[in-house]
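These are my notebook entries on a single structure. I set down what I looked up, topic by topic.

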Amino acid sequence: QVQLAESGGDIVQAGDPLRLTCAVSGSHATMLTMGWFRRGPGKEREFVTSVTYGTPTIYYADSVKGRFTTSRDSAKNLLYLQMNNLTPNDPAVYYCAASPSGILPQNMRLESMYRCWGQGTQVTVTS
């Protein structure tokens, strides 16, 4: 059974950077697609970014494009989310998600496409 463990959540000031890490364990299956979602206070969980395996194709939500960067180290089974210029709109619990199957580009933002989820890590941004 695949397990995802996020780390790196912290309390930072607006404008500061922060990097989250997701570690994959428990299975030899390759996660063809991995991603990050987040749930802000009083909000639905929303798509942040996703990355495919191999020669990666990366997708970003418009709200983070240009500020957030995701990358994966498949050899180490790690997924990263580098967040720069954090704003008061970014505080949330950030979740790592993974799918052993490929996901069509038009479905990348759908939670239901991802079979495996981490417990989340809290990011707080102070002004």
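Which residues line the largest cavity? I noted first that the model is predicted. I then read off the lining of the largest cavity as R38, R39, G40, K43, E44, E46, N89, P91 and A92.

**Entry 1. Cavity.** I looked up how many cavities of 30 Å³ or more the structure holds, and found one. For the largest cavity I recorded a volume of about 40 Å³.

**Entry 2. Nonpolar core.** I turned next to the largest nonpolar core, for which I recorded 34 residues. Those with the most contacts inside this core are L4, M34, W36, M83 and Y94. I then asked which elements give two or more residues to the core. I listed β3 (18-25), β4 (33-39), β5 (45-52) and β6 (58-60), together with β8 (78-83), β9 (92-99) and β11 (121-126). The largest share, five residues, comes from β9.

**Entry 3. Surroundings of L4.** I took L4 from the core list and looked up its contacts, leaving aside neighbours within four places in sequence. In one stretch of numbering I found C22, A23 and V24, and I also found M34. Further along the chain, L4 is in contact with C96, A97 and A98, and with C116, W117, G118 and Q119. I noted that three cysteines, C22, C96 and C116, are in this list, and I followed them up next.

**Entry 4. Cysteines.** How many disulfides does the structure have? I counted one disulfide. This disulfide joins C22 to C96, with a sulfur-to-sulfur distance of 2.1 Å. C22 lies in strand β3 and C96 in strand β9, so the bond ties together parts that are 74 residues apart in sequence. I recorded a torsion of about -80° about the S-S bond of C22 and C96, and the disulfide is therefore left-handed.

C116 counts as buried because its relative accessibility is 11%, and the cut-off for buried is under 20%.

**Entry 5. Positive phi values.** I looked up two asparagines. N77 is found in the loop between β7 (68-73) and β8. Its phi is near 55°, a positive value in a residue other than glycine. N77 has a relative accessible area of 37% and is partly exposed.

N85 lies in the loop between β8 and β9. I recorded for N85 a positive phi of about 50°, although this residue is not a glycine. With a relative accessible area of 44%, N85 is partly exposed.

**Entry 6. T87.** Where does T87 lie? I placed T87 in the loop between β8 and β9. Leaving aside its neighbours within four places in sequence, I found T87 in contact with R67 and V125. I also looked up the separation of T87 from G120, which is 33 residues away along the chain. The C-alpha atoms of T87 and G120 are separated by 19 Å.

Terms used: Residues are numbered from 1 along each chain as its sequence is written. This is a predicted model: local features need pLDDT of at least 70, side-chain atom pairs count only at pLDDT 80 or more; totals for chains, interfaces and linings use all residues. Side-chain values use heavy atoms; hydrogens and water are left out. On a 1 Å grid over the protein atoms alone, a cavity is a set of points where a 1.4 Å probe fits but cannot get out, and a pocket is an open set with protein on both sides within 12 Å along at least five of seven lines; lining residues have an atom within 4 Å of a point. Grid points are joined across faces, edges and corners, and a volume is the space filled by probe spheres set on the points. A nonpolar core is a set of buried Ala, Val, Leu, Ile, Met, Phe, Trp, Tyr and Cys residues joined through side-chain atoms within 4.5 Å. Buried means under 20% relative accessible area, exposed over 50%, partly exposed in between (1.4 Å probe, protein chains only). Helices (H or I, at least four residues) and strands (E, at least two) are DSSP runs, numbered from the N terminus. Contact means heavy atoms within 4.5 Å. A disulfide is a pair of cysteine sulfur atoms within 2.5 Å.
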